[in-house]
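Here is a friendly briefing to read alongside the structure. It goes from the contact between the chains to the build of one chain, and then to a few local spots.

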Amino acid sequence: MKPTLLIGATLTALAFGAALLSFAWTPFDPSAISVPDRFQPPNASHWLGTDHLGRDMLSLVMTGARTSLGVALVAVGIGTGLGVPLGLAAAARHDGWIDQLIMRGNDLVFAFPSLVIAILITAVFGPGAINAIIAIGIFNVPVFARVARGGALPLWRREFILAARTAGKGAARISSEHILPNLASLLIVQGSIQFSLGILAEAGLSYVGLGAQPPVPSLGRMLADAQTMVSLAPHTAIVPGAVIVLTVLGLNLLGDGLRDRLDPRLTRAPA
Amino acid sequence: MIAHLAKRLGILAASLAVASMVIFVVVEIAPGDPASYMLGMNAQPDTVAALRAELGLDQPKLQRYLSWVAGMATGEFGTSYTYRAPVAQMVAERLQVSLPLALMALLLAMAIALPAGILAAARRGRAADAGVIAATQIGIAVPNFWFAMLLVLLFALKLRWLPAGGFAGWDDPLAGLKSLALPAIALALPQAAILARIMRSALIETLGEDYIRTARAKGLTRAQALRKHGLRNALIPVLTIMGLQFSFLLAGAIIIEQVFYLPGLGRLIFQAITQRDLIVVESVVMLLVFAVILVTFLTDIAYAAVDPRLRRR
């Protein structure tokens, strides 16, 4: 295993592990306010220190990671669930009207400033984790449609697809039974990239107050809370940010490592 | 070429038409009536109705859509509900912050990314390459608003070299530049990481081309071949990405402008969204989409002009 893949897998496992563990156990109650203990730097009892309300930062980032990962994961689910069938349909009828419609629609979505639209959606439908998921998920749809279509097109010219057509299988069945399994590696890699982008987007939305609402903890809002106190207690800003960076870094390294491993042609020329 | 141009123009027009409809519909379904929002909770119904009429909100949706599009086409973007100022004038004012900011960020990103990408490609597989790859991985993973907070902590609060926020205006150009310095650095970092990766992979791809081998065969060193033949060709994808990055930097600064309390375009959209100033949201988002579609169109035409093979697609 390449060291980058190992680092990526470890960081990702840590992030998921901490988020899952927080359902069952956190060192302290993340909502327990204790004003006398506020702004404690990292120490033996509070490993990552405490925030402006005396809450334990480790417990907060563990539960906050849950929100970030959850939002990004469901957003990737929306992207694959809608985008992959669209891409497969476009490839099955290459240059047909479905293909044209889907690809032009894709170009259009890419022209929109995604962050601005995400802010618009969350402002229109109200701030909250669900609307953040929708806002991020919408922009995943064209990405997965494009990847699925691009991967499927060359497959349609291969002999085994010809054989399946000769056997009388329809386009939909060929797409699901023969094309889709061959796209798995491509989609896994794209999934990890969109996942990490989703975490960054969620953090941004929560930071401006349009993501998960209190009392649901989120890493982005921890940063917003920390902004005015950053000179007083730098760790309140450094800790949640570092957690975001390490999680995103882990996912990106994992994606790169998986791509190299699943697609042997790329191992000699990392591009 | 003419047929290609006509087809692309058609796509451009269709994209703009669909984009304008999407924006109008999304903004229209926003709950909250701008007139009652402006007048507050205790407004009389007839006052609200009068304001609705004044703003043109009582007209049928289709008519409002058409008059909005017609206005945009003639450069008349409408009047802001909350500021009672022409949207065009507000955009022009905000661009005095956003345009220099985007430009500074892009120049900074280029200054970091292009040498880094070239270095990595030239020293491919060695320590310098690994260092650049590691740095870009981290650059892509850092949320720019968090990086901005760290910059403020170090350069504004600890060292007191630069202001922590606000915009000093252009009366004193040095003060203006100083207030944009930290935001520009924060914006440039992720862009630089992306650009450096693209520069590196584009150059590596170019260096594998036959004409580079020919250049080497006729006696050029690796560095000479890279400088004379590789760089120019590798710059094409890099310039495309930069064109797109620039239009996104204009609005993508929306969160960074929040961090630094900068009166830019991003903050204008953000405030307009929260204040239900729908006409401002519609017009500014449409302008940004127009910029992106236009850049895509121009790149497409430029490619086709240079490479005849692309015209038939």
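This is a predicted model: local features need pLDDT of at least 70, side-chain atom pairs count only at pLDDT 80 or more; totals for chains, interfaces and linings use all residues.

**Where the two chains meet**

- On the chain B side, 45 residues are in contact, and they meet 42 residues of chain A.
- The count of salt bridges between the two chains is one. Its partners are Asp256(A) and Arg197(B), whose closest N and O atoms are 3.5 Å apart.
- Three residue pairs are in polar contact across the interface of chain B and chain A, with both residues of each pair at pLDDT 80 or more.
- Several helices of chain B each supply at least two residues to the side that touches chain A, among them H6 (127–141), H8 (173–207), H10 (222–252) and H13 (278–306). The most comes from H1(B), which gives eight residues.
- Sorted by class, the side of chain B that touches chain A has 36 nonpolar, five polar and four charged residues.

**How chain A is built**

- Taken along the principal axes, the C-alpha atoms of chain A fill a box of roughly 75 × 45 × 35 Å.
- Of the 271 residues in chain A, 51% are buried.
- Looking at contacts in chain A between residues at least 6 apart in sequence, 69% join residues at least 24 apart.

- UniProt, in an unreviewed entry, places the feature "domain: ABC transmembrane type-1" at residues 65–255 of chain A. In the model, that span is 82% helix and 0% strand, with its end C-alpha atoms 19 Å apart.
- The record, again an unreviewed entry, lists "transmembrane region" at residues 67–88, 108–126, 132–148, 183–212 and 232–255 of chain A.
- Residues 67–88 of chain A are 100% helix and 0% strand, and the end C-alpha atoms of this span are 31 Å apart.
- Residues 108–126 of chain A come out at 84% helix and 0% strand, with 25 Å between the end C-alpha atoms.

**Two spots worth a look**

- Is Ser192(A) buried or exposed? Ser192(A) counts as buried because its relative accessible area is 8%, and the cut-off for buried is under 20%.
- Ser192(A) sits in helix H7 of chain A, which covers residues 171–207. Setting aside neighbours within four places in sequence, Ser192(A) is in contact with Leu251(A) and Gly255(A).
- Over in chain B, H12(B) is mostly covered, with eight of its 10 residues buried. The buried residues include Leu265(B), Arg267(B), Phe270(B) and Ile273(B).
- Helix H12 (265–274) of chain B is also one of those that supply at least two residues to the side touching chain A.
- Just after H12(B) comes Arg276(B), which takes a positive phi of about 55 degrees.

Note on methods. Residues are numbered from 1 along each chain as its sequence is written. Chains are lettered from A and ligands numbered from 1 in the order in which they are written. Side-chain values use heavy atoms; hydrogens and water are left out. Contact means heavy atoms within 4.5 Å. A salt bridge is a side-chain nitrogen of Lys or Arg within 4 Å of a carboxyl oxygen of Asp or Glu. A polar contact is a pair of N or O atoms within 3.5 Å; within protein, one must be able to donate a hydrogen and the other to accept it, and residues adjacent in sequence count only if both atoms are side-chain atoms. Helices (H or I, at least four residues) and strands (E, at least two) are DSSP runs, numbered from the N terminus. Ala, Val, Leu, Ile, Met, Phe, Trp, Tyr, Cys and Pro count as nonpolar, Asp, Glu, Lys and Arg as charged, and the others, Gly among them, as polar. UniProt positions are given in the numbering used here, feature names are shortened, and annotations may be inferred rather than shown by experiment. Buried means under 20% relative accessible area, exposed over 50%, partly exposed in between (1.4 Å probe, protein chains only).
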